[in-house]
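Here is a friendly tour of one protein model. Have the sequence and the 3D view ready as you read.

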Amino acid sequence: MKKNTLLLTLLILSTTVFAQTKPQETEYYNPQPAKVIPGDYSYTTAPSDAIILFDGKDISAWESQDGKEPQWNVKNGELLVQPGTGSIKTKQYFGDVQLHIEYKSPDPEKYSGQNRGNSGVFFQSKYEIQILDMDNNKTYVNGMAGSVYKQNPPLADAYTKNGEWQVYDIIWKSPVFGTNGKLEKPAMITVLFNGIVVQNNFILEGTTEYIGFPKYEAHGRLPLMLQDHGTSVAFRNIWVRELN
Ligand code: MG
């Protein structure tokens with residue numbers, strides 16, 4: 001009885017000590033990735049076998065979280081986050097993909113840190129590559145543009161300027177789970193940001209968590225998701241090539 005009480009006390013204590021309660025516990029500021037000025041990396045057309053997710057006009061590939069017509073705006077060939085209407089997801093479910101997506105940050109003076117032009121690409125709706133305005137904007141390094149959010153900072157800071165299009169080319173390998181739901185192979189990602197490798201076959205520790213640590217839970221193919229984080233980030237030229 002005494003032994004059991006002691007074990008229970010220890011268990012409660014350790015849970016209290018190790019429980020993650022603040023987002024700051026998984027944010028760090030050093031070392032700073034080196035600033036790299038990109039060369040010419042622009043694309044104008046998608047490859048012939050790509051699935052076009054946004055061509056400047058048509059958003060029929062997307063839906064809101066509850067499966068309705070997305071409330072984001074299409075203007076001048078750009079898809080704009082309509083803050084407060086929620087993240088949008090593809091109707092199609094994906095596994096491994098090559099993704100191309102371009103974004104432009106809004107409102108340079110209006111916000112700072114994580115609130116300046118924040119959005120994100122969520123592979124399989126669970127794993128975020130950060131979208132942020134990095135033009136003269138300080139934040140924790142594992143929350144910079146090009147980071148696997150709260151897991152790995154970018155290898156370089158390749159953001160150019162507010163008002164310019166930022167280009168992501170990303171190779172996503174989804175995690176593999178056994179029939180019992182056990183993780184057999186973690187997810188892996190390679191990210192080029194404005195033509196610069198910022199994630200090089202990074203092995204993910206699990207899902208993106210704002211508070212606490214990443215973890216894996218079995219899943220299959222899932223939609224690609226774009227985040228509404230309260231600012232009107234613009235997107236263009238969104239396409240994927242399926243790799244499995
Ligand atoms: Mg984000």
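## A buried glutamine and its metal

Q227 is buried, at a relative accessible area of 13%; buried means under 20%, with a 1.4 Å probe and protein chains only. This is a predicted model, where local features need pLDDT of at least 70, side-chain atom pairs count only at pLDDT 80 or more, and totals for chains, interfaces and linings use all residues. Residues are numbered from 1 along each chain as its sequence is written, and side-chain values use heavy atoms, leaving out hydrogens and water.

Which residues coordinate the magnesium ion? They are N118 (OD1), S119 (O), E128 (OE), Q130 (OE1) and Q227 (OE1), at 2.2 to 2.3 Å. Donors here are N, O and S atoms within 2.8 Å of the metal (3.2 Å for Na, K and Ca), and water is not among the atoms, so sites may look incomplete. Q130 lies in strand β9 (residues 127–131) and Q227 in the loop between β16 (222–226) and β17 (234–242), so the pair ties together parts 97 residues apart in sequence. Strands are DSSP runs of E, at least two residues, numbered from the N terminus. Q130 is buried too, with a relative accessible area of 1%.

## The open sheet

Now look for five strands in the order β3-β6-β16-β8-β9, an open sheet with antiparallel pairing. Two strands pair if DSSP finds at least two bridges between them. At the edges stand β3 (62–64) and β9, each with a single partner strand, so one side of each has no neighbour in the sheet.

Strand β8 (residues 119–123) is joined to β16 by two bridges. F122 has M225 in β16 as its bridge partner.

Methods
Helices (H or I, at least four residues) and strands (E, at least two) are DSSP runs, numbered from the N terminus. Buried means under 20% relative accessible area, exposed over 50%, partly exposed in between (1.4 Å probe, protein chains only).
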